[in-house]
Amino acid sequence: MATFSHLPMVLPLLLTLLVAAEAAAGAAQPTGGRLSPARYARVFAFGNSLTDTGNAAIFPATATGPSTRQPYGQTYFGHPTGRASDGRLIIDFLVKELKVPLPTPYLAGRTAADFLGGANFALGGATALDPAFLASRGIRSAVPVSLSNETNWFHNVLQLLSSSGYEQRKITSRSVFLVGEIGVNDYFLALMSNKSIDVAESLVPHIIGTIRSALTDMIGAGARTVVVTGMLPLGCEPKLLAMFPSGPSNYDPASGCDERFNELAVRHNRALKRVLWELRLRYPGRSLLYADVYHPIYRAVASPARYGFGNKPLAACCGGGGGPNNFNYTAFCGTPKSTTCADPSKYISWDGIHLTEAANRFIARSMLRGVLLPVAEPGFQQQA
């Protein structure tokens with residue numbers, strides 16, 4: 001089983017980076033001529049099923065979804081938890097290394113005490129864009145929750161924690177805001193509704209604009225440390241590979257991924273990084289960090305053995321349909337027609353859409369070592 005053996009050494013460097021960013025802006029509090037180490041009390045998380053640790057199991061539209069049934073959760077928890085994986089998600093690993101509590105799923109909390117350790121607003125199936133906007137483009141969303149809904153939920157929690165604006169800013173200044181990947185469902189829905197990548201590409205500026213508005217809202221509420229996750233390589237998703245087969249010229253020879261969909265992800269990430277750059281200039285003293293998931297996943301797919309994965313990097317561990325991707329909605333993971341691989345840790349994709357615990361661990365490690373810190377990520381093997 002892979003471990004996080006090097007992360008305890010990485011965390012102090014991450015905290016030093018964040019302290020330095022605040023010092024450069026004059027944001028640090030003087031303590032005898034020294035800066036106090038950055039200490040965080042909680043995480044506020046946003047996103048979709050890649051970050052959702054339990055909201056989907058409660059929300060009516062998704063409460064009976066696959067993530068609430070076996071074999072989800074089998075690797076770590078031993079039972080389904082609402083997480084769309086066989087075990088832990090990226091956020092589970094990140095909060096462990098930041099030494100903060102796992103944030104309470106928003107829909108599971110009721111009182112201020114429930115959210116003292118943070119809140120997770122991510123919901124499986126959530127989109128970046130509002131359902132009404134998607135509908136105006138002929139795109140139907142089955143889960144009527146968007147990023148703007150999640151930021152409204154955040155303000156509900158903030159008001160619950162304190163009615164004082166001063167106290168609210170004290171809370172947000174000591175919190176890490178984790179904006180998990182958001183937008184992938186918009187692109188999936190556009191492709192499913194219109195069968196056209198052009199329609200999906202037309203959503204990029206709107207999705208990025210929505211993310212920018214959410215980030216501006218968080219900063220306005222006092223957020224000082226915001227981690228924003230980019231788009232994963234869509235062309236490496238077993239779901240898209242199975243549902244939208246193409247001619248040989250569209251497949252990347254190094255990875256087998258569909259370059260059409262990967263280019264969509266690249267456009268999204270370029271635009272997102274531009275927004276983060278602009279916001280850094282506009283709001284000095286804030287740590288706005290880009291978390292890359294595209295390159296870690298691509299590298300693992302292109303060279304699976306190097307990173308401890310097996311020889312089926314483009315196949316779902318759990319599902320049905322056979323072929324190189326093992327994906328078919330009629331045999332989706334958890335349905336009677338589906339089967340589960342013997343060793344999920346050798347797979348990158350859990351169900352053709354979501355990642356295995358092993359892949360989430362790998363990405364979290366890469367995020368901390370190679371993205372949140374300004375250092376190059378060395379090649380490494382998953383350790384037994």
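Helix α4 (residues 147-161) and helix α5 (residues 165-173) pack at an angle of about 120°, their axes lying 9 Å apart; axes are lines fitted to C-alpha atoms over the stretch in contact, and angles run from 0 to 180 degrees between N-to-C directions. The model is predicted, with local features needing pLDDT of at least 70 and side-chain atom pairs pLDDT 80 or more, whereas totals for chains, interfaces and linings use all residues. Residues are numbered from 1 along each chain as its sequence is written, and side-chain values use heavy atoms, without hydrogens and water.

Because angles under 35 degrees count as roughly parallel, over 145 as roughly antiparallel, 65 to 115 as roughly perpendicular and the rest as oblique, α4 and α5 are oblique to each other. In their contact (heavy atoms within 4.5 Å), F154, L158, Q159 and L161 of α4 meet Q168, I171 and T172 of α5, a set of 4 nonpolar, 3 polar and no charged residues.

Helix α8 (residues 204-220) and helix α10 (residues 259-282) form another packed pair, with α8 roughly parallel to α10. Their contact comprises 11 nonpolar, 2 polar and 4 charged residues.

| Pair | Angle | Axis distance |
|---|---|---|
| α4 and α5 | about 120° | 9 Å |
| α8 and α10 | about 30° | 10 Å |

Turning to the pocket, the lining of the largest one divides into 13 nonpolar, 10 polar and 4 charged residues, and helix α6 (residues 184-194) gives the most to that lining, with 4 residues.

Terms used
Helices (H or I, at least four residues) and strands (E, at least two) are DSSP runs, numbered from the N terminus. Ala, Val, Leu, Ile, Met, Phe, Trp, Tyr, Cys and Pro count as nonpolar, Asp, Glu, Lys and Arg as charged, and the others, Gly among them, as polar.
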